[in-house]
Each structure stands twice: as C-alpha cells, then as structure tokens.
Amino acid sequence: MKAAGKASSLEIQSAGWRTPGGTTVLEPMSLTLGAGKVLGVVGANGAGKSTLLRLIYRYNRPHAGRVLIDGDDIWALPARAVAQRVAAVLQEQPTDFALTVFEIVMLGRTPHHRAFGASGAQDRTIVDSALRRLNLSALADRRFGTLSGGERQRVMVARALAQEPGILVLDEPTNHLDIRHQLEVLELIATLGMTIVASLHDLNFAAQCCDEILLLRDGRKLAFGPPEKVLSDVAVSDAFQVTAERQKLHPSNQSHFTYTLQQGH
C-alpha cells in the first residue's frame with residue numbers, strides 16, 4: 001500500500017452509477033491513469049462529469065464495478081484511509097465563514113490526526129507551504145467569509161494540498177478565477193507531482209494542461225486518450241452538439257477550438 005502524499009495510480013474497472021430509483025446516470029466504464037498523470041474529464045452539462053468524480057473521491061459507491069487506488073478498492077478501505085489518499089476541491093464551498101484562511105487550510109490535515117489529536121509543528125509547516133504555493137500567506141488571518149470567490153477557490157485548493165493526497169480531484173478548478181489566477185492554477189497543476197483528475201469546461205485549457213482526456217456524453221465514455229487524439233473536431237462537435245473547429249494561433253502556434261451552433265439546434 002502506497003503512503004499518503006505520493007502520486008497514486010487510478011483504475012476504474014467497469015464502474016457506473018445509478019440513482020436509488022434505478023435511473024442510470026453513468027454507464028459502466030473503464031480506464032487506467034498512471035501515477036503523476038493529469039486527467040481532464042470533459043463533456044456537456046449533464047454528461048456525467050461530476051458523477052464520475054464522486055465515485056473517485058468515494059462520495060458515491062458504484063452500482064457496478066470498482067474504483068482502485070494503487071490497486072486497492074477504495075470501498076474496501078476505511079474512510080479515513082481514503083481521505084489520506086484522495087482530496088477533492090468542489091464547486092461547493094464551506095459555509096462556516098467565521099473560520100480564518102489558515103484554519104480552513106489546516107482542516108486538510110484532519111485525516112492524518114488520530115482521534116482528538118491536536119495539530120503539531122509539522123502540520124503548521126505543511127499548511128504554511130500550501131498557503132505560499134497559492135499566494136495566500138498574506139490572507140492567512142482573514143476570515144473566509146470576507147474573501148472574493150476567486151480567493152475562496154484558491155483557499156480550497158490550498159486545503160487539498162495540505163491534505164497531501166496521492167490523487168487530487170478538481171471540479172471546475174478555474175471557476176470564479178480571473179485570467180491571471182487561471183494561468184496560475186494551470187502552472188500549479190503542472191508542478192504538483194501528484195495524480196490529478198479535473199472536470200473542465202474549457203477544452204483549450206484541458207488540451208494544454210492534461211496528459212489524458214476522458215470525453216463523456218449522456219453518461220457514456222465517448223473517448224479516452226491523449227488530448228490530440230480525443231479532442232478532434234468530429235468528437236467535440238458530437239459531444240457538445242456544436243460545430244467545432246481546431247485552429248492554430250499565431251505566433252504561439254497553439255491549437256485553439258472555435259465553435260458555432262449547428263443548424264437545427
């Protein structure tokens with residue numbers, strides 16, 4: 001079993017999910033993501049992106065199949081052990097606005113404490129490091145409720161880093177962020193050295209920062225693989241019901257998608 005804080009491998013074995021009423025939201029699918037790789041999960045609203053993420057961070061149990069981290073079925077492990085190995089940054093944010101930024105980030109250390117255990121010097125060092133990486137040190141004593149939406153998002157990423165997971169799950173990590181901080185998150189993702197699974201709306205962002213892309217439509221896997229193979233004009237047009245065209249920008253020579261509405265949609 002790999003120690004927490006080291007990049008972990010992820011394997012999804014024919015895992016799917018349906019509602020308690022029996023409606024299938026995510027068809028069983030399989031994929032393998034190597035340790036240290038970045039996976040972008042893309043698709044239109046309702047494609048199943050958030051549902052898949054909930055399976056990975058053990059919020060929902062698959063109705064079929066398994067989710068493995070370093071070969072271990074996450075539902076065969078204690079919840080605390082999974083929390084030491086998987087951290088999630090969601091679009092929903094804490095409602096306890098009275099806590100300071102430092103206190104919010106310190107919550108990331110909770111899975112590593114024994115029952116009723118207090119935070120120690122090592123915890124503080126890890127939290128201080130996470131704050132520095134997200135340029136939040138100057139806000140450490142500010143109450144969470146006084147921050148802007150973008151600042152709150154960065155605090156939640158810092159809390160996840162303080163958790164020292166092997167896998168980091170990000171649900172729309174650039175949501176609420178201005179262009180500068182979107183670029184900072186892009187650079188951060190590239191330097192974290194951990195396995196990352198992120199749901200993304202911006203396909204250009206996904207193509208730039210991800211090693212692998214999972215393209216979903218209506219709860220089904222359309223394609224999985226490197227961005228240059230998965231994000232074709234035809235596949236993107238099909239998944240999003242638009243006419244997509246990938247162009248080259250000048251002088252950067254980077255690929256960039258443009259979109260138009262399909263006739264009749």
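Residues are numbered from 1 along each chain as its sequence is written, and side-chain values use heavy atoms, with hydrogens and water left out. Because the model is predicted, local features were required to have pLDDT of at least 70 and side-chain atom pairs were counted only at pLDDT 80 or more, whereas totals for chains, interfaces and linings use all residues. Helices (H or I, at least four residues) and strands (E, at least two) are DSSP runs numbered from the N terminus, and two strands are taken to pair if DSSP finds at least two bridges between them.

Strand β8, residues 195-199, has 5 of its 5 residues buried, so it is largely enclosed by the rest of the structure; here buried means under 20% relative accessible area, exposed means over 50%, and partly exposed lies in between (1.4 Å probe, protein chains only). In a regular strand the side chains alternate between the two faces of the sheet. In β8, Thr195, Val197 and Ser199 point one way while Ile196 and Ala198 point the other way, and all are buried. Strand β3 (residues 38-42) pairs with β8 in the parallel sense over 4 bridges, with Gly40 opposite Ala198. Strand β7 (residues 167-171) likewise forms a parallel pair with β8, over 5 bridges, in which Leu168 is placed opposite Ile196. Between β7 and β8 the chain passes through helix α6 (residues 179-191), and the resulting β-α-β crossover is right-handed, a term applied if, with the strands pointing away from the viewer, the path from the first strand over the helix to the second runs clockwise.

Helix α6 itself has 13 residues and reaches 19 Å from its first C-alpha to its last, close to the 18 Å expected at 1.5 Å a residue, where the expected span is 1.5 Å times one less than the number of residues. Its buried residues include His181, Val185, Leu186, Leu188 and Ile189. They cover an arc of only 165° around the axis, which puts them on the same side of α6; the arc is that of the directions from the helix axis to the C-beta atoms. On the face turned away from this buried side are the exposed residues Ile179, Arg180, Glu187, Ala190 and Thr191. The buried residues of α6 pack, through contacts defined as heavy atoms within 4.5 Å, against β3, α4 (121-133), α5 (149-162), β7, β8 and α7 (203-209). Gly193, which follows α6, has a positive phi near 75°.

Helix α5 is mostly covered, with 12 of its 14 residues buried, among them Glu151, Arg152, Gln153 and Arg154. Its 14 residues should span 20 Å at 1.5 Å a residue, and the end C-alpha atoms are 20 Å apart, which agrees. The packing partners of its buried residues are β6, α3 (101-106), α4, β7 and α6, and just after the helix Glu164 takes a positive phi of about 55°.

A nonpolar core is a set of buried Ala, Val, Leu, Ile, Met, Phe, Trp, Tyr and Cys residues joined through side-chain atoms within 4.5 Å. The largest such core has 53 residues, of which Val105, Leu161, Leu168 and Ile196 touch the most other members. The largest share of this core, 7 residues, comes from α5. When neighbours within four places in sequence are left aside, Leu161 is in contact with Ala130, Arg133, Leu134, Leu168, Leu188, Leu192 and Met194. A second, separate core of 28 residues includes Leu31, Leu33, Leu39 and Val169.

An open sheet of 4 strands, with antiparallel pairing, has the order β2-β1-β4-β5. Its edge strands are β2 and β5 (72-73), each of which pairs on one side only. Strands β1 (residues 10-18) and β2 (residues 24-33) pair over 6 bridges, with Ile12 partnered by Leu31 and Ala15 opposite Met29. The hairpin of β1 and β2 has 5 residues between the strands, and Gly22 takes a positive phi near 100° in this hairpin.

Two further buried positions were examined. Thr51, in helix α1 (residues 49-56), counts as buried at 8% relative accessibility and, leaving aside neighbours within four places in sequence, is in contact with Trp17, Val25 and Leu26. Val86, in strand β6 (residues 86-89), counts as buried at 7% relative accessibility. Val86 and Tyr57 are 29 residues apart in sequence but 6.1 Å apart in space, C-alpha to C-alpha.
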